[in-house]
Amino acid sequence: MGEPIGIIGGTGPLGTGLALRFAAAGLEVQVGSRDPERAREVAHRLNSLLDGSATEVGGGRNQEVAARALVVVALPYEAMRATVLGLAPELAGKIVISTAVPMSFASGRPEPVHPEAGSAAEELAEICPGSRVVGAFQTVAAGQLLDLRLRLDEDVLVGGDDREARKEVANLVQRIEGLRAVESGPLATCRYAEGLTPLLLRLNRLHHAQTGIRITGL
Ligand SMILES: NC(=O)c1ccc[n+]([C@@H]2O[C@H](COP(=O)([O-])OP(=O)(O)OC[C@H]3O[C@@H](n4cnc5c(N)ncnc54)[C@H](OP(=O)(O)O)[C@@H]3O)[C@@H](O)[C@H]2O)c1
């Protein structure tokens, strides 16, 4: 079964995509929202897409799902600081996964934004210093996760300062069929994973494709 997973901001494309894939893998997962009713509606919709072998997705207020054993933060970067600050007590001592990609579309094209901390993941670690922050999933397109007919075939970089936490997240990534976890080293390496996503989005547009990453030579 694995540890119960809570997804803060779990009603967006990435949170719902991850919830769907985790549940399909038999993991216990709950999507969070500012509005518990919306979270329950989203959970209901996800359950209607899953077959009997999957675990049932739950839904609740962000504060409630932050109490789960392992927490994914799937909020827009701009909303991360304010939201997570209010949840720091619930997150203390836990593995917290950063998925945020700081990006702007000011020029009409995706451009990386560079947080003062170095990356969104490092900023998250500053916001909740009592948590074991690990970055993952920044390069995975939500649309790919959300279509269960699609067989995933890509790598996920996993960066974090706490080796044990990093290993646990790598194992979690690999519970999703078709994803391979590649540990990238300390949390500071998340700036590279986050920086890849604007490039992938440009490639998607240029090649009318849905791109992901694959590290060769391992
Ligand atoms: N979408 C992708 O393909 C993708 C891929 C890789 C990484 N990422 C990263 O993953 C994160 C989530 O992406 P997403 O596309 O799922 O994001 P999103 O749809 O923009 O937001 C996710 C959820 O966050 C909550 N939220 C939005 N604004 C908020 C605010 N001001 N304060 C508090 N909560 C707020 C909303 O939930 P409620 O309204 O229900 O509270 C929303 O459903 C982002 O940081 C993104 O960079 C996304």
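Author: Helices (H or I, at least four residues) and strands (E, at least two) are DSSP runs, numbered from the N terminus. Residues are numbered from 1 along each chain as its sequence is written. The model is predicted: local features need pLDDT of at least 70, side-chain atom pairs count only at pLDDT 80 or more, and totals for chains, interfaces and linings use all residues.

Reader: In which helix is Thr197, and is Thr197 buried or exposed?
Author: The place of Thr197 is in helix 9, which spans residues 190-207. A residue is buried if 20 or more other C-beta atoms, placed from the backbone, lie within 10 Å of its own, exposed if 12 or fewer, and partly exposed in between. Thr197 has 20 C-beta neighbours inside 10 Å, so Thr197 of helix 9 counts as buried.

Reader: Which residues is Thr197 in contact with, leaving aside its neighbours within four places in sequence?
Author: Contact means that the C-beta atoms of two residues, placed from the backbone, lie within 7 Å. Thr197 and Val101 are 96 residues apart along the chain, with their C-alpha atoms separated by 7.2 Å. With sequence neighbours within four places left aside, the contacts of Thr197 are Val101, Met103, Gln138 and Thr139.

Reader: At what angle do helix 1 and helix 2 cross, and is helix 1 parallel or oblique to helix 2?
Author: Axes are lines fitted to C-alpha atoms, for helices over the stretch in contact, and angles run from 0 to 180 degrees between N-to-C directions. Angles under 35 degrees count as roughly parallel, over 145 as roughly antiparallel, 65 to 115 as roughly perpendicular and the rest as oblique. The axes of helix 1 and helix 2 (residues 36-49) come within 10 Å and cross at roughly 45°.

Reader: Is Asn47 buried or partly exposed?
Author: Asn47 is in helix 2, and its C-alpha is 9.9 Å from that of Ala19, 28 residues apart in sequence. Apart from neighbours within four places in sequence, Asn47 is in contact with Glu56 and Val57. Asn47 has 17 other C-beta atoms within 10 Å, so Asn47 is partly exposed.

Reader: How far apart are the axes of helix 4 and helix 6?
Author: Helix 4 (residues 77-85) and helix 6 (residues 120-127) pack at an angle of about 15°. They are therefore roughly parallel to each other. The distance between their axes is 10 Å.

Reader: Which residues surrounding the ligand are the closest?
Author: The shell around the ligand has 13 nonpolar, eight polar and three charged residues. In all, 24 residues surround the ligand (C-beta atom, placed from the backbone, within 6 Å), and the closest are Gly9, Gly12, Ser33, Ala79 and Ala142. The elements that give two or more residues to this shell are helix 1 (13-24) and helix 4, while the closest residues are again Gly9, Gly12, Ser33, Ala79 and Ala142.

Reader: What is the phi of Phe137, and what is that of His208?
Author: Most residues other than glycine have a negative phi. Phe137, in the loop between strand 8 (132-135) and helix 7 (142-146), is buried, with 25 C-beta neighbours inside 10 Å. His208, in the segment after helix 9, is exposed, with 6 other C-beta atoms within 10 Å. Phi is positive in each: for Phe137 near 70°, and for His208 about 45°.

Definitions and conventions. Ala, Val, Leu, Ile, Met, Phe, Trp, Tyr, Cys and Pro count as nonpolar, Asp, Glu, Lys and Arg as charged, and the others, Gly among them, as polar.
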